[in-house]
Amino acid sequence: MPIDFSVGPTVGRESALEQFDAALDALAERAPACIAVEGEPGIGKTHLLTELRRRAEERGYLVLAGSATEFEQDLAFSVWTDALDAYVASQELELGDGWSAELVRELGEIVPSVRRPGRGARRSVADERYRVHRAARLLLELLAHERPLIVVLDDLHWGDEASLELLAALLRRGPVAPVLLAPAFRSGQAPVRLSAALAAPTVRRISLEPLTEAEANELLGGVEPRTAAAIYRHGGGNPFYLQQLRRAGEEGRLHVEPEEGSETVAVAGVPPAVAASLAEELASLPADQLVLLRAAAVAGEPFEPDLAAAVAELPPSDGLDALDALLALDLVRPTSVPRRFVFRHPLVRRAVYESSPAGWRLGAHSRAARALETRGAPAAERAHHVEQYAGQGDEEAIALMMEAGATAAGRAPAAAARWFQSALRLLPAHDERQVDLRVSLASSLRSLGELDRCRAALLEAHEQLPADAVARRVELTAHCAAVEHWLGRHDEAHRRLTRAWEELPDRTTAEAAALEIELAVDGLYELDFTQAVEMGRRALLTARDVGDRPLIAAAAAALCLAETAAGHIEVAGELRLEARDEVDGLSDAELAPRLEALYHLAWAETYLERYEDAVAHAERGIAIARAFGEGRLLVPLSLARNFPFEMQGRLREAMALCEAALEAAQLSASPHELYRALFELGWTRYYAGDLDGALAAHEESSRVDPRLAGGTIPNGGGGPGWGLGVAWLESGEVERARELLLQLGGEDVARTMPVERCFDWESLTLVELAAGDVEAAESYARRAEEDAAQLGLSLPRSLAGRARAAVLLARGDHLEAARVAHESAEAAGAVGARLQAAFSRSLEGRALTAAGERLEAIAVLRAAEQDLDACGSVRVRDQMRRELRRLGARAEPRGPAGPDDSGVHALSKRELEIANLVTDRLTNREIAAALFLSDKTVESHMRNIFRKLGVSSRVEVARAVERDRNEPTRAHV
């Protein structure tokens, strides 16, 4: 039997092996890592990964491995399925705590063995495919719970898009467990998504170079020098070439050159001598062995012998005999999974496939497709074969491609796009299904963030519509305009919608109302409130005349948002009631085609300070989007809940939804959604007190696409630049913040939405106060008050009051500042804006402190501290705690202590020691130095002392200790 070079010596790779050992050592400390191996074909990547597996298994680690293959790049998650499924099936893992039925269902997309039969599955939405990635991350954590896990992913240059997306997601946010990811790929052939994923700073990369001649001689040990020199001359330092030529030498084929005019194996980039050697090796095979080998190359890798025999048209027994011979020749090899075999090397498979007669290959793919259909294989697995032989008009093939695309659309939109395009190629040019297929293709491209291609597909669908398809024409026009808005091409979108409306032969129809709704929203993108309101009113009148209830709901919601954005609050309030009643009176099925109604209504209710209603309508929209597989508004609807959550002080929920939206947006790389997710995340982090995180999110959102930084509704605050300025101000970079905020806004803020600019006036007031310009701050506070008076809403009144209170405090009018801040808190609290009320209360407390009203200040600051703590706003909460400590008050009241844990006798030895030093008038810092403790440790002990003694100041601690000292009968341990 020929030498099995896959388990031969590892030569010339000492540096790589040292890196492997270091990574395995780190795993022992439960530190996750990723090492990527790259190099040309045959350079030894797989051999090196085999050595990694051996070393890891020697340590008792769990090693799982999968490999991508050249001709099966359209099977979603195939690399991960190859790596995980067989092992998971063999383990009967308990998916208990944390594993909901939904999560198990998502995991089933990658690991088919966990799929639970008989369960009704909801329709997947591509925009939520991050859920699959979360399930995979949890699975890896589970597998690595007892011992470190190594996941080897070979030949990722052939990886399907879904597999590469999953790898990228795991590198962005990896398992909290000792997991080593070890991908390998060919240099210069890495797909864009793989290259982007491996650019993560946590990834170490090993680039394999050709062996030197001395290293090649070591690898070829036992070959006489002249032969070794000839092998190196023809094969260079590539281990596979060297081994193939050595094999040829052992079989007497080393110097065989192809005769003139004879056919050789076509293997791109392979040296002629190696290609000739492969050709000779294949040409020497008996007919049954050669046809089985060719059938295996068609069937897929790894291949099963019965499928290969069916493709080869061999009886099963003859197929097994041929397989035994091929194994003996080391052309194919067994895998760790029973009845699964692979080629000696991917280059051998390519050589076999491309040397097969073209006509025979067409028939072989047809036989493979029929055999897989008999087995009940899924559409995507059969589609790869059908695509190779189907011709235009083949109805069975068209139906299969459409089924494969529809199946893949929910979790693998790249594969779906491929199958939809294949179906389009097979459809006759004037087939009416061309339109629907192009719309499906556009949907998958949108999910991938390929918005230019999405737009092109929609335009092609639009052009193929029959002249009388008015409703569909309007629908596609609206979708195309929406994509143009997402691309920042607002002028093009406006012209498209206006032209379509002007060309409508009848403006009293449902189609006219739909276009008028789109033109109302179009006005909001450019903050053209006149257009938004006028077209919104026309749309509602038209919809009422038509009597289409879902259309009435959509028009009322769009007009309500337009009137709200324009500052016409009373009118907007009346429209809200109509829109709410219409929306709530419709079934989910009736609302599904008009999902925008819920999105627009949710934002209008947010601005109208109906936070619970806004959240409820956004969540209904999300549920409908999932139920009907409509992902276009899924991320926007999810983010629509963020502003209400922030105002209500539900910052933990807000953070979770922003991070989920960001995961979804990062998958599609859609600049529109990525910008929005980062923008919202930046503000949520700011309110939570994470200034560094807020700055990072706003800086990244600014880089996504500068065209999207302004004008998009709902925007507010001058886009991400405004968030940067506000975060800089809070972090003490006053001049930098002032320069940016004045550059972005200043008096120009007046041209933004009145319902949002109340935040901007306050920011400008505070930055001018920080810069020492009280007069400029006064002017901005006055503008805030004017807007608030005009709007008649509570939140603008609260923000204006807070700006005014800040100016009063700066002018030294402390009691008046406290009064105004108190009214600000009351106004915010009246509409459930708990976080804003707490911010106002904190300002009130500071004003009372400045006025010398200690007891009242303590009460107000303590209430603010408690609310801020409940909301999760840690930075301002900690400011309140410091203020309380400066006032000698306990920051965290815990209620009365029980008899067993109260009094001086309840203090621990360390707490008593600290209490005695407090009595001796030492400060916390002096106590820390005396006892060799940190300041934070002393503060922690002080909180416990306050609680146990039932006091709120250091003076009271001293009194309690002194009283205890005067009671000689009490002893302390």
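Student: What makes R875 count as lying over the face of Y686?

Tutor: R875 is 5.8 Å from the ring centre of Y686. The rule asks for NZ of Lys or CZ of Arg within 6 Å of the ring centre and within 35 degrees of the ring normal, so R875 qualifies. R418 also lies over a face, that of W419, at 5.4 Å from the ring centre.

Tutor: Keep in mind that this is a predicted model, where local features need pLDDT of at least 70 and side-chain atom pairs count only at pLDDT 80 or more, while totals for chains, interfaces and linings use all residues. Residues are numbered from 1 along each chain as its sequence is written, and side-chain values use heavy atoms, with hydrogens and water left out.

Student: Which residues form an aromatic cluster?

Tutor: W603, Y607, F643 and F759 form one. Rings of Phe, Tyr and Trp (its six-membered ring) pair if their centres lie within 6.5 Å. Searching the whole structure gives 14 aromatic pairs.

Student: How many of the residues are called buried, and why?

Tutor: Of the 973 residues, 57% count as buried, because each has under 20% relative accessible area with a 1.4 Å probe, protein chains only.

Student: What share of the contacts links residues 24 or more positions apart?

Tutor: 68% of those with a separation of 6 or more, where contact means heavy atoms within 4.5 Å.

Student: And how many helices and strands are there?

Tutor: The chain has 48 helices and seven strands; these are DSSP runs, H or I of at least four residues for helices and E of at least two for strands, numbered from the N terminus.

Terms used: Buried < 20%, exposed > 50% of the residue type's maximum accessible area, 1.4 Å probe, protein only. Phe/Tyr/Trp six-rings, centres within 6.5 Å; stacked < 30°, edge-to-face > 60°.
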